Amino acid sequence: MSATDPGRQGVISVCIPTWNAAAWIEETLGRILDQEGPELDVVVCDDASEDDTCALARAAGRGRVRVFANDERLGLSGNWNRAIGHAEGEYLCLFGQDDAAYPGWAATLHGLLEAHPDAVMAFGRRDFDFVTEDARSTFEYFAEEYPGLIDGAYARLGLRIEPRAMVRESMRLGFLLNLVGEPSFVLVRRSHPAVRAGFDERFRQLVDWKFYTRLFTSGPVVRTDEVVGAYRIHKAAASYANRNDGTAYREQIPFLELLEDRYRGLLGWPGRRRLRAPLRGVRRWQAEERRRAESGQATRPGASASRV
């Protein structure tokens with residue numbers, strides 16, 4: 001179904017892109033299919049897994065899940081786009097293969113967009129589930145610093161957020177803090193132009209945050225302080241690899257440059273000037289990494305990679 005089609009009214013398309021998700025997919029689908037409230041259109045789009053993900057998804061789907069398998073790997077962002085291309089509902093959620101939806105997840109996010117017909121996006125809060133202790137030590141930022149930062153941001157923003165307010169708050173940390181969170185806890189209108197454009201396949205870590213900027217600069221956003229699910233952090237997760245190899249930090253230069261170019265009117269000169277400070281920091285880090293590589297030293301993950 002085309003993204004320009006309004007879709008099945010009131011229905012949430014829950015699109016789950018997978019790759020080697022056998023350890024998680026049964027629980028993930030079980031929690032989603034047990035939701036009460038709005039009608040769900042559940043899609044699994046598998047990126048040529050090397051395990052039994054597709055078979056397990058079909059078995060766990062109870063006849064209520066459409067499963068698609070790619071003939072060859074598209075990569076994370078490419079598979080995200082393939083997954084949302086199968087959506088048929090009025091609303092869209094891209095759900096992580098290993099994340100957990102709490103009871104009421106669907107009804108809460110659906111109710112926000114139904115109550116605010118002019119809102120482009122709704123999101124809720126989430127728990128961080130550190131599956132192993134090494135995941136906690138690698139991502140200690142999420143356990144120690146992030147809660148205070150995000151609590152302060154949400155207190156300033158309120159529950160209904162206009163575009164300029166969202167941009168202003170994002171600027172407080174140079175757009176290095178993802179104020180929305182992971183896609184599993186976000187609901188959008190499938191007819192929005194950002195959905196038609198899809199996810200930018202040049203990005204692996206900042207792909208969701210970049211997508212959100214296209215949404216929240218175009219209209220109001222609504223949120224809830226209710227915790228609607230859990231984001232799981234473990235060694236097999238893409239975010240773990242992106243943190244350790246510096247991908248998240250390296251992506252900040254093209255991301256910030258795109259922001260400065262695309263939203264120069266909304267940012268204004270003061271905002272554009274503030275964006276240049278983190279840009280200079282990332283460029284210094286890249287120059288240092290090049291020197292380390294030339295001297296045979298191991299590269300180091302960027303310190304602020306954990307902020308995105």
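This is a predicted model: local features need pLDDT of at least 70, side-chain atom pairs count only at pLDDT 80 or more; totals for chains, interfaces and linings use all residues.

Before you click anything, one term: a residue is buried if its relative accessible area is under 20%, exposed if over 50%, and partly exposed in between (1.4 Å probe, protein chains only). Residues are numbered from 1 along each chain as its sequence is written, and side-chain values use heavy atoms, with hydrogens and water left out.

**The whole chain**

Start zoomed out. The protein chain has 14 helices and nine strands. Of its 308 residues, 56% are buried. A contact means heavy atoms within 4.5 Å. Take the contacts with a separation of 6 or more: 80% of them are between residues 24 or more positions apart.

**Stop 1: helix 3**

Select residues 76-84, which is helix 3. Why is helix 3 largely enclosed by the rest of the structure? Because seven of its nine residues are buried. Colour them in: Ser77, Gly78, Asn79, Trp80, Asn81, Ala83 and Ile84. Now show what these buried residues pack against: strand 1 (8-18), strand 2 (40-46), strand 4 (89-94), helix 9 (193-197) and helix 10.

Zoom in on Asn81, which is buried because its relative accessible area is 18%. Leaving out residues up to four places away in sequence, Asn81 touches Gly198, Phe199 and Glu201.

**Stop 2: Trp209 in helix 10**

Next, pick Trp209, which sits in helix 10 (residues 207-216). Is Trp209 buried or exposed? With a relative accessible area of 1%, Trp209 is buried. Show its contacts, skipping neighbours within four places in sequence, and you get Ser170, Phe175, Leu177, Asn178, Leu179, Val180, Phe216 and Phe255. Try the distance tool too: from C-alpha to C-alpha, Trp209 and Phe199 are 10.0 Å apart, and in sequence they are ten residues apart.

**Stop 3: helix 7 meets helix 8**

Two packed helices are described by the angle between their axes and the distance between the axes. Here, axes are lines fitted to C-alpha atoms, for helices over the stretch in contact, and angles run from 0 to 180 degrees between N-to-C directions. Select helix 7 (residues 146-157) and helix 8 (residues 163-171): their axes come within 11 Å and cross at roughly 155 degrees. Angles under 35 degrees count as roughly parallel, over 145 as roughly antiparallel, 65 to 115 as roughly perpendicular and the rest as oblique. Helix 7 and helix 8 are therefore roughly antiparallel to each other.

Which residues of helix 7 and helix 8 meet? Ala153, Arg156 and Leu157 come from helix 7, and Ala165, Met166 and Glu169 from helix 8.

**Stop 4: salt bridges**

A salt bridge is a side-chain nitrogen of Lys or Arg within 4 Å of a carboxyl oxygen of Asp or Glu. How many salt bridges does this rule give? The count comes to 19.

Stay where you are for one of them: the side chains of Arg156 and Glu169 form a salt bridge at 2.7 Å, N to O. This pair links distant parts of the chain, with Arg156 in helix 7 and Glu169 in helix 8, 13 residues apart. Arg156 is partly exposed, at a relative accessible area of 46%, whereas Glu169 is buried at 9%.

Now jump to Glu182 and Arg126, whose side chains meet in a salt bridge (2.6 Å, N to O). Glu182 lies in the loop between helix 8 and strand 8 (186-189), and Arg126 in strand 6 (residues 121-130), 56 residues apart. Both Glu182 and Arg126 are buried.

Then select Arg202 and Asp200, another salt bridge at 2.6 Å, N to O. Arg202 counts as exposed at 60% relative accessibility, while Asp200 is buried at 14%.

Most residues other than glycine have a negative phi. Click Ala48: it is not a glycine, yet its phi is positive, about 55 degrees. You'll find Ala48 in the loop between strand 2 and helix 2 (53-60). Arg62 also has a positive phi of about 55 degrees without being a glycine, and its place is the loop between helix 2 and strand 3 (65-69). Arg62 counts as partly exposed, at 47% relative accessibility.

How values were computed. Helices (H or I, at least four residues) and strands (E, at least two) are DSSP runs, numbered from the N terminus.
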